[in-house]
Every structure is written in structure tokens, then in C-alpha cells.
Amino acid sequence: MIVAERKPITEIREMVEPHESVLIVGCGACVTVCMAGGEKEAELLCSILVLAFKDTGKQFTWDCVERQCEPEFVEPLADKIQANDAVLSMACGAGVQTVVAQFPSIPVYPALNTQFVGRPLEQGLWAETCAGCGNCILHKTGGICPIARCSKSLLNGPCGGSVNGRCEVDPENVECGWQLIYDRLEQAGTLYLLDEIMPPKDWSTSAHGGVRRVIREDVRL
Amino acid sequence: MGTELKIVAFCCEHSGSLAARMACAGESETSAGTEIVSVPCSGSVQAADILKAFRSGADGVVIVGCHDGSCKHLVGNRRVQRRVEHLAGTLKEIGWNPERVAFFPVSAVEGQLFRDRLAEVVDRLRGLEAGR
Amino acid sequence: MNDISGLQRVLDAGAFAVTGELGPPKGSDVEVVRRKAAHLKEAVDAVNVTDNQTAVVRMSSIATCAILREMAIEPVMQMVCRDRNRIALQSDLLGAYGLGIRNVLCLSGDHQRFGNHPQAKNVFDLDSIQLIQTIKTMRDESKFLSGDELEGSPRMFIGAAASPFSDPFEFRVRRLAKKVAAGAQFIQTQCIYDLTKFRTWMTMVRDLGLDEKTHILAGITPLKSVGMARYMKNNVAGVDVPDELIERLKAAGKKDAAEEGIAIAVETIQEMKSIDGVHGVHVMAIEWEERVPEIVERAGLLPRKRVGTEVVAGSQKNG
């Protein structure tokens, strides 16, 4: 899922400072799973801001929607939003921008720093696993993504910085993606796949290629 | 002479609540002004619960759980301590004194310990600047 | 103009090659380059110029190589994949050739986290193996990566690096085989201190017949102190310094540790001469260039015989 982290309170304070009434909106999807912007976090942030701005008269309320990236779920907030000076969105960047698109005349602030597509490894730890490159090759690398899990996104790795299965960029926290690929293919008896030279990647389907769209013609009129 | 300080004490029903009852039986002056909230495990106390207490006017919040290794839910007491540590940082960031929140462990029969710990908390709170 | 790399001529002639290395200045002072290069000129067949090594901004490799050419020194231009995409890499390759550079060492490049601009966006459009392939295609087929024809042909001698002791150890030689298959004609290894382990690696190299398809140059870095030895052992990926060597440096005492380090380097080079499949050494005495001539001489590798030479000013000399 999309993994995000709440911004430091100091930064959030600065954002809402100029406003008298702010509606905090959480999202029930990805940011709930990574404990950054779900109901619990929205309720908590609301209390934090109430206490931070104690005795200033500023009003803070909170709500949470199913998925903030879909207009159908954001639309019902209309009345609440109109009753406030600003919205503090606890969704990922897509959610924030959906609120902006839906309610263009009210300032909408991002309470989170959206980071990556990843998965939980243990409670409280989420790691990046997918780079959204637009041309998945997981079937060629034992199900381990070299773009997202190799610090240099090598396709013919590992580089010389792989030591004891760790990546020299951050050995404490980062495994060498290519060691993982090597281990998987060895287990599967398909190590010969690594003898082939993988040609240069077509990055045009990735974020490097420009602003992307996905279209399903069969569901459009 | 009671205290004007309002304290909310989230007490684990397996340890804290029982110790609190024992302590109250001895009519301690520190027990006046302290609201005991019984919870199934100290680990069930969320940061939002603590802040809610401050929003309703509490001067201090204590969480009373089991001793290390005795938690019936295994690590609930450890989880809430982590939460309190983290919350201390947040409180500092918004200009609130993190010393207003404390965790201390007791067993079900340590009524005196409960009284003593609570008294320490009250003392500490008295020394703090009012309001935040 | 003689199109073939001087380094290639030395290696093709079957001679034991010696290459050196030079780190460009963290500034605009060209004299720094000239000073370092002057030490190396008569001691080596070619001088590697690093490309923003460790992701620290320095004078560019291509420009520094051009300065070496002006000094009639054969450069090996190092090219990393970290900072430039395929458009810039191919472009710079053509430019390098135009400036008389004939050797290119293809590397992935240290991650920017190690350097002085950790906030930079990295590139890694290609990896080192794809870069080798790209240059080979430009040279042998006069084609860009896109398939478009390119006018002329950059006749580059293509090299790559090898890190015999990085992980996974069992895979390193197979990856080396990939580099060779992609077109790597010479290989410079990470600096070697553990000769036993290196001999094992060379056996694996020979088993795959790679010594017949590429020229292996063993990396040599003289140790200056016990501190340096420990640092390299613990902090540089793929470098293992045996305890015996650390003991030797310790025994020499602070004053003489550097001399002992030089002696060890000389011994290592002499060992390398006897290992089948090793066709030369690559001496990396960064910020210690002045000792390189002595190391090469004591290893019995001076004088360096030029196998045909040329000077960029246009005159030709045959040696």
C-alpha cells in the first residue's frame, strides 16, 4: 500500500496558524494501515492541535472517509468543509489533491509526507517494495524488485557494495536487493536467469517518462 | 487539605485498579481530585485518551499498569510506555510539559506503592507552571 | 592519428601492464592535476581519472583526461552511471573520443548518500554492464543505443571494475563473465591484500576461460598506517586486509608504518606477476602519487616501454 508519515507537528502548526477553524480529514485506506492518517491518527492530531492552540479560540474538528482519493467519498464532506476555513488532509498526496479538486475554493493542507509503495514487515515497520515503474519484471527476478529494492536500481546487479547481504548505502537497515534475488533464484534452481544481460530499461513508462495515465476504454463512454 | 490538581489515572484492572482501591481504603489526601479510570490493560490507553484528559482540564495523567513481565496481555505495559515516551516529544513540540504524563507499575496488592507513586506525581505537578 | 589505445597495445603485446590513478581536484586549479600526473607519467602505461568518486564533486573526468592528453599521458576515463543518463553518457563518450581519450572504465558509481551532495537526484538510467554494451555497440556497429547510425566510430578500449570479495562471493565470477560478454576488454579489481583469497578467485576466473577473453589488472593500494588498514578493512566494501598485514604495520611503529605499507605493496605486485591470468596491476595511491614510481621500480616494472605513442598536438612518434 501507499506508505506515509505524519509531518512534524511544528510544520503542521505553521500551516494551520493563519486559520480560525480547521477540519482534519483522515482516510480509511492505506494511511490507516501504516498508522499515519486513519481515524485514530485524525482524532489524535485534532487533540494535539486543540492543546497546541489552547486559549486562541481556534476550532479544530475531525472526520474520516473511506478512501480520500475518490470523489464519491469526499463529496459528502461538503457541509463540514464549508463550515471551516481550511482542511488539513491526512491522506496521501492523491487524497489531498482529490479534496482540492472537489473543493477548489478552500485551502487544503497535507498533514502527511507520502513516501512509497510498500508493505509492513512487522508492527511499526514498513518498507518500500514497488517503484511503480510501469513495466513489471518481478517474474524475471524471483519476485524481488530490483528497481525498488536495489539502491541503484541495477538490472544486472549486485554492485561491489553488497556485503553480507546488506547494501553499503545503509547496511543496518537495507538488505542488498540483488542478494535477495540471487538467493531466491538459487532456491528455485533458476540462477541461469542471471547469466543473461538485462538490457537497458525503458523508463518511459515510469515517473521519469512524464505524467502518467491509465485508461480502461471498455468502461468509458 | 485536598489538592486542587486534577489527575486522571488510567488503571489496569488487573493491577492498578486493585492497588488503587486498596490505597483509597486508607483515605489518602492525595486520592482526592484523582479520577480512577479502569481499563482492561494499560496497553489499551492511547495517546488520544491521554490528550482527551488534558482537554477536559486534567493537570496530569498517570497510567498504572503491571510490572514488567507480569502483563496479562504480554507486552501491553511496554507498548503504553513507548507511547508515553513518544507523546513526550509531541507535548514538547506544542509547548506542553511532558512531565504531566507518567507511567508507573504496581501489582494488585501494592496499595502503599500506589499511594507513594501518586504522591510523587502530585508533588511534581505542583512544581510545574500552570496551564501547559 | 593513431586510433588504438596505448594501454590496449601494451596488453595485446602480452606485456605486464601498470596503470595508475588520479583523483581530480575539488576545485578549478588545473595545476593540481598537472602536479599529480607528473609523478605518474613515467611510472605507468595509463592513468585512471575518477568520475566524482564517492559522489563528491570534483573536476570532471573527461576534462581532466583532456589535460592528461596535453601532457602526453594516456588517460583511462572513468564513467559512472550515477549522474548521467544514456543521452549524456553516449554524448560524453563521443566527446571523450574527440579529445583523444581511448580508454573508458564503466562503473555503476557510488551512491550519492556517500558524498557531499546527498540530496541530489541520482540517475542510474543504465548500469555498468549496459554501459559497456552501449559503448561496444557504438564502437563496433556505429550505432547509438536507439539503433540510430552514428557517424564514425569511437574506438574505445572498454574496461570494467571487479570486486572479487564482495557478496555473493559465488556469483562474482559469473557477473564478471557478464561484463566480459558485454564487451569488457580489461578489468581493474578492487585493491587486493589477501593473496590466498585472490588466487582462489583467479582460479575461478580461469575456469570460466575469462583470462583469455579479458585482461585482469589487480588493484594495489599501498597502506599508509594501521589506521588506514583498519578503516579499509571495516569500511570499504569488498576490501579485506588480513590480520598479518595489520600486525606488520603495527610492528613497524608509527614512524615506519608507511614504508612497511610500500614494501607490502611491492611484494603484492611481485606476487601478482606470478599469478596466471593476471595481466597487470592497477596502482591506486590516491594522494600518494609521488610514491608510485618507487613502488613500480622496486617491483621490477620500470622502465615502462611505450608500444607506439602519440601526442595530442598532432605529431606522431613511434616507439
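Predicted model: local features only at pLDDT ≥ 70, side-chain atom pairs only at ≥ 80, totals over all residues.
Strands here are DSSP E runs of at least two residues and helices are H or I runs of at least four, numbered from the N terminus. C:N103, C:L105 and C:L107 point one way from β4(C), while C:V104 and C:C106 point the other way.

What flanks the strand? On pairing (at least two DSSP bridges between two strands), β4(C) runs parallel to β3(C), residues 75-80, over five bridges, with C:L105 as the bridge partner of C:Q78. The chain gets from β3(C) to β4(C) by way of helix α4(C), residues 86-98, in a right-handed β-α-β crossover (clockwise from first strand over helix to second, with the strands pointing away from the viewer). Four bridges also join β4(C) in parallel to β5(C), residues 157-162, and here C:L105 stands opposite C:G159.

As for the neighbouring chain, 25 residues of chain C are in contact with 23 of chain A (C-beta atoms, placed from the backbone, within 7 Å). α6(C) gives the largest share of the chain C side, five residues.

Residues are numbered from 1 along each chain as its sequence is written, and chains are lettered from A and ligands numbered from 1 in the order written. Local features need pLDDT of at least 70 and side-chain atom pairs count only at pLDDT 80 or more, whereas totals for chains, interfaces and linings use all residues.

Technical notes. Buried ≥ 20, exposed ≤ 12 C-beta atoms within 10 Å, placed from the backbone. Contact = placed C-beta atoms within 7 Å.
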